[in-house]
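Welcome! Let us learn to read a protein model together, one feature at a time.

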Amino acid sequence: MQMAFRTGSVPVHPQTSKFGAVIKQRVQVLQAEIQKYTSRKVRQTPLYSAETPFKGDFHRIARRICGKSVGLVLGGGGARGIAQIGIIRALEEAGIPIDIIGGTSIGSFIGALYARDADVVPMYGRAKKFAGRMASMWRFALDLTYPSASYTTGHEFNRGIFKTFGNTQIEDFWLEFYCNTTNISKSRSEIHTSGYAWRYVRASMSLAGLLPPLCDEGSMLLDGGYVDNLTVSHMKSLGADVIFAVDVGSLDDDTPQAFGDSLSGFWAFANRWNPLSSFPNPPTLAEIQARLAYVSSVDALERAKTTPGCLYMRPPIDPYGTLDFGKFDEIYQVGYKYGQEYLAEMRDKGVLPIVDETAEKAALRRTMAPRRASI
């Protein structure tokens, strides 16, 4: 049987107006652009809060011109410095802007991480990865060497810091940053505001005996905490009006000693291992050398506490040791909880550098999403 058919071709889909399709596409693009700048849906993460309307660069310039800059000074203390990450998170959630960051030892590492991106999320991730490397006993054991200048070669430590910062320069950070070191060649403290970040952060974290000094232009640099572990005075000289100073250093044992005018090493050794002894243990040679190294730093710390505009913060991190990097999450939570409580107390006293936003100004903000108002 022959079926009827058409000789002309019939399109599968009916043709529409080309002009109408172009208009529809343009409308969709326009709607997407409007939605991008007016949407109030912000994806919240456990580590970041977008409630920081004064985080932009133009606000920071205005504060600098008016002499109202906010500084953050982070002290040294080894693994106890992990608590500083929690405190920075609490500062962000409280809406407190940070304009200048200064750090010493582990404080230079945490401060440089935050100054690099001005965001607590990448800082948290990179710091946790570095803490994992520091907690590895295998890496430490493989880096041991004959203790001529130090117990380790410093190679693994350098590698961990370089993996964190790469070839980033300090002057390329989003926030103004500096760290301090102790120049043992010229017997003075030095402030670094430019150059490779990983080198000067490493120099500021170089504990004598554990790591060799870092050579820089013929000078040998060691941990900046030997001279000033909390550089509040330098931060004040940069024009900061309010300074948050976070101290995570260890506390010296001030137990009264009464071992007399002479001391037998054999008696001290036996007394240390005698659980029934009522005499306090005399300090070891290493403890005496450490206290001598930090004498000037202790004096600078006491002056920093009385500096006008300084808000001194010391989280309860005394139970943790200098090398307890394996307790990252625990120490981080201690700092975060302390930061929340401290800032709540300061807010009640009305001393926080926060500009209250009126309802009219809040309505003018077209988006709550964090955007960098960069020059």
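This is a predicted model: local features need pLDDT of at least 70, side-chain atom pairs count only at pLDDT 80 or more; totals for chains, interfaces and linings use all residues.

Q: How many helices and strands does the chain have?
A: Helices (H or I, at least four residues) and strands (E, at least two) are DSSP runs, numbered from the N terminus. Here the chain has 14 helices and eight strands.

Q: What share of the chain is buried?
A: A residue is buried under 20% relative accessible area, exposed over 50%, and partly exposed in between (1.4 Å probe, protein chains only). Of the 375 residues in this chain, 41% count as buried.

Q: How many residues of α3 are buried, and which elements do they pack against?
A: Helix α3 is mostly covered, with ten of its eleven residues buried. Among them are Ala83, Ile85, Ile88 and Leu91, and also Arg89 and Glu92. The buried residues pack against β1 (69-74), α4, α5, β7 (240-246), β8 (310-313) and α13 (328-349).

Q: At what angle do α3 and α4 pack?
A: Axes are lines fitted to C-alpha atoms, for helices over the stretch in contact, and angles run from 0 to 180 degrees between N-to-C directions. Helix α3 (residues 83-93) and helix α4 (residues 106-117) pack at about 35°, and their axes lie 10 Å apart. A crossing is right-handed if the near helix is turned clockwise from the far one by less than a right angle, and left-handed if anticlockwise. The crossing of α3 past α4 is right-handed.

Q: Which residues make that contact?
A: Contact means heavy atoms within 4.5 Å. Helix α3 brings Gln84, Ile85, Ile88 and Glu92, while α4 brings Ile106, Gly107, Ile110 and Tyr114. For the classes, Ala, Val, Leu, Ile, Met, Phe, Trp, Tyr, Cys and Pro count as nonpolar, Asp, Glu, Lys and Arg as charged, and the others, Gly among them, as polar. By these classes the contact of α3 with α4 has five nonpolar, two polar and one charged residue.

Q: Why do residues three or four places apart point the same way in an α-helix?
A: An α-helix has 3.6 residues a turn, so residues at that spacing point the same way.

Q: How many cavities are there, and what lines the second largest cavity?
A: On a 1 Å grid over the protein atoms alone, a cavity is a set of points where a 1.4 Å probe fits but cannot get out, and lining residues have an atom within 4 Å of a point. Grid points are joined across faces, edges and corners, and a volume is the space filled by probe spheres set on the points. This rule gives two cavities of 30 Å³ or more. The second largest cavity has a volume of about 40 Å³. Its lining includes Ile82, Ile106, Phe109, Ile110, Phe325 and Phe328. The elements that give two or more residues to this lining are α4 and α5 (120-134). By class, the lining has nine nonpolar, no polar and no charged residues.

Q: Where is phi positive in a residue other than glycine?
A: Ser105 has phi near 55°, and Ala118 also has phi near 55°. Ser105 sits in the loop between β2 (100-103) and α4, and is buried, with a relative accessible area of 10%. Ala118 belongs to the loop between α4 and α5, and counts as buried at 8% relative accessibility. As for glycine, Gly95 follows α3 with a positive phi near 75°.

Note on methods. Residues are numbered from 1 along each chain as its sequence is written. Side-chain values use heavy atoms; hydrogens and water are left out. On a 1 Å grid over the protein atoms alone, a cavity is a set of points where a 1.4 Å probe fits but cannot get out, and a pocket is an open set with protein on both sides within 12 Å along at least five of seven lines; lining residues have an atom within 4 Å of a point.
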